[in-house]
Amino acid sequence: MSHILILDVGKTNKKCLVFDETYKLVFEEITVLPESADEDGYPCEDIHLLSAWAKQSVEKLKNDRRFQIQAVNIAAYGASFVCLGANLEPLTPLYNYLKPFPEGLKKQFYDTYGTETQLALETASPTLGSLNSGLQLYRIKHKMPEVYRQIKYALHLPQFLAFLLHGMCFSEMTSIGCHTMLWDFGKKDYHQWVYSEGIDQKMPPLTSATAGFPTGLHDSSSALAPYLAGFSAPFVLISTGTWCISLNPFNNTPLTPEELLNDCLCYLTPDGRPVKAARYFGGYEHEQAVQVIAHKYGLAADFYMQQTSSGTDFMDMQYALDEYAGMMTDLVEKQVKSTRLAIGRTPVKQLFVDGGFSKNSMYMNLLATSFPDLEVFAAEAPQSTALGAALL
């Protein structure tokens, strides 16, 4: 039987997965790599450790006699650039997209190219500082001009990992279109500021994830691919993790200023079609609240999954579960507001929930109650981000 190898690179977990030709998951290995720091001491991904892990993982599984690896692809988090020099080696650290963007430079950018609202609407990118990865290149150009001059290509992380496998440099639609502030969704081309700054000259040729070789994909777009392949009736996917992202590939209305203020944005499908999305920091909020409740009552961090606990005062557990239920009611209310923004006026019939919250029965029941007109499903697809990359 033939197999396909997928590297699924998150900020925390690096996964190596193998699917057989029926797309059944037959191997999974999870690695956590220690972080490095950039020149300012800000924590960041260690690009050299990550590169070594990627190459070694592929080599090890190519030589594993249990598998006949016929294809490889990559899904990885976005908004992160690897800048390559003339020798195609990394020139800079892999800067963390959470690193604060200099206020003076931000003012200079918007004074030159237009208001925050105007640029956000044109690029379907809320104003997010370094999370708008195009601004990372703007920062390097204006704060580190000698380094910028040496950049031959700037590759988003998924395309850099693909480059490690085949040595070809490409830009790819799902990475270019994810809140980077690089892409003009109306013109379907790089935004004018990208040309004015000459940043387009640092970008390798654009390709599509359907090109037939490993291009690498932005993880949110990759997670959507199995559902686009399997369902034709309008649906919304809530991809849950640290961020809960409601993705609606059937809503192609332009972003409004109100939607931008409520953390809406657009992604691109692998074939370049816009996907209306709304983000909510739900996984992070859940994690923080659970820690507070667990500490207050002296319970394990997974108390809400246990229901009963030997050695724990019964009343303490009940109080904790009551608090947890109240917190979840508030959390799902915020989730519903976010998801309704992504739904808009599209005739959505089904709502799929993927990721961590799909296994949380309280979350799923509260969500289903909030959307009585929709069929609400906990997604069965294991590792949908990796599966999407495999399908493509």
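The accessible surface of the protein comes to about 17500 Å². Carbon and sulfur atoms hold 52% of that area. These values come from a predicted model.

**Overall build**

The chain has 392 residues, and 54% of them count as buried. Its secondary structure comprises 15 helices and 19 strands.

Whole-protein values are collected here.

| Property | Value |
|---|---|
| Span of the C-alpha trace along the principal axes | about 65 × 55 × 45 Å |
| Distance between the mean positions of positive and negative charges | 5 Å |

**A look at Leu-105**

Leu-105 sits in helix H2, which covers residues 103-113. Is this side chain's residue, Leu-105, buried or exposed? Leu-105 has a relative accessible area of 5%. The cut-off for buried is under 20%, so Leu-105 counts as buried.

Which residues does Leu-105 touch, leaving out those up to four places away in sequence? The partners are Tyr-138, Arg-139, His-142 and Lys-143. Pro-145 gives a further reference point for Leu-105. The two are 40 residues apart in sequence, and their C-alpha atoms lie 14 Å apart in space.

Key
Residues are numbered from 1 along each chain as its sequence is written. This is a predicted model: local features need pLDDT of at least 70, side-chain atom pairs count only at pLDDT 80 or more; totals for chains, interfaces and linings use all residues. Side-chain values use heavy atoms; hydrogens and water are left out. Helices (H or I, at least four residues) and strands (E, at least two) are DSSP runs, numbered from the N terminus. Buried means under 20% relative accessible area, exposed over 50%, partly exposed in between (1.4 Å probe, protein chains only). Accessible areas come from the Shrake-Rupley method with a 1.4 Å probe; for residues, only the protein chains shown count as cover. Lys and Arg count as positive and Asp and Glu as negative; His and the chain ends are not counted. The place of a charge is taken as NZ of Lys, CZ of Arg, CG of Asp or CD of Glu. Contact means heavy atoms within 4.5 Å.
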